[in-house]
Amino acid sequence: PAYHQAEFLTSAASLKGLPPEQGREVAFAGRSNSGKSSAINTLCQQRALARTSKTPGRTQLINFFALDGERRLVDLPGYGYAKVPEAMRRRWGKLMEDYLTRRTCLQGLVLVMDIRHPLTDHDWQMIGWAHARRLPLHVLLTKSDKLKRGPVMDTVRQVARTLGGEGVEATVQPFSSLKKQGVDDAHSVLDGWLFP
Ligand code: GTP
Ligand code: MG
């Protein structure tokens with residue numbers, strides 16, 4: 001699978017701007033600053049495919065990256081950023097819900113959470129939308145380089161247990177874009193969704 005060949009395809013501000021419903025897509029959702037864009041870059045072995053930023057709330061559009069003519073990675077706008085005006089937040093919610101619940105070529109959701117702040121209210125909202133249509137869910141606990149090995153494994157287990165307790169089927173793994181850790185595990189999940 002040619003993750004390193006990924007290229008920017010298009011950005012969409014609304015459902016009308018989405019590429020045609022064709023082939024397979026995997027979306028990355030998560031709080032602003034959780035490391036979604038960085039994870040996409042790391043998984044594609046590229047420095048600046050998806051734009052990353054120290055300022056949260058930068059990715060306001062849905063950004064599509066094509067691995068080939070049939071497969072795409074999708075960088076969804078981050079959420080949970082306090083300074084976003086209420087009207088914009090509502091617009092964001094509608095866009096996320098519509099995309100996650102209606103996009104037929106969507107094969108799976110990668111939920112990106114900072115390992116130090118897992119399972120926020122907005123994360124549960126994403127999980128709910130995915131669960132409603134039985135969309136496969138994979139959790140990346142990013143910035144795992146910020147914790148020692150023990151707490152990393154404790155958090156992985158705790159998040160998996162909490163999701164299981166709510167009846168949500170999901171796989172959970174630690175990930176670090178900084179240290180390039182967890183890349184093989186993430187690739188094998190994406191492979192299963194994009195190259196079945
Ligand atoms: P939005 O586009 O605002 O939703 O944010 P995002 O989720 O795309 O986050 P982004 O990838 O831009 O990363 C946010 C900040 O976290 C940047 O300063 C990154 O360098 C940093 N970061 C991302 N991943 C890691 C990681 O694995 N480890 C560490 N230490 N920092 C990371
Ligand atoms: Mg981003």
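Trainee: Which are the buried residues of H2?

Mentor: This model is predicted, and local features need pLDDT of at least 70, side-chain atom pairs count only at pLDDT 80 or more, and totals for chains, interfaces and linings use all residues. Residues are numbered from 1 along each chain as its sequence is written, while chains are lettered from A and ligands numbered from 1 in the order in which they are written. A residue is buried if 20 or more other C-beta atoms lie within 10 Å of its own, exposed if 12 or fewer, and partly exposed in between, with C-beta atoms placed from the backbone. In H2, the buried residues are Met96, Tyr99 and Leu100.

Trainee: How wide an arc around the axis of H2 do the buried residues cover?

Mentor: The buried residues are Met96, Tyr99 and Leu100. The arc is that of the directions from the helix axis to the C-beta atoms. The three lie on the same side of H2, because their arc is only 90°.

Trainee: Which exposed residues does the face of H2 turned away from its buried side carry?

Mentor: Strand S3 (62-68), S5 and helix H3 (121-132) are among what covers the buried residues of H2. The face turned away carries the exposed residues Glu86, Ala87, Arg90, Lys94 and Arg102.

Trainee: How far apart are the end C-alpha atoms of H2?

Mentor: Helices (H or I, at least four residues) and strands (E, at least two) are DSSP runs, numbered from the N terminus. The expected span of a helix is 1.5 Å times one less than its number of residues. For the 17 residues of H2 (residues 86-102) that should give 24 Å, and the end C-alpha atoms agree with this, being apart by 24 Å.

Trainee: Is Gln22 buried or exposed?

Mentor: Gln22 sits in the loop between strand S1 (7-12) and S2. With 11 other C-beta atoms within 10 Å, Gln22 is exposed.

Notes
Contact = placed C-beta atoms within 7 Å.
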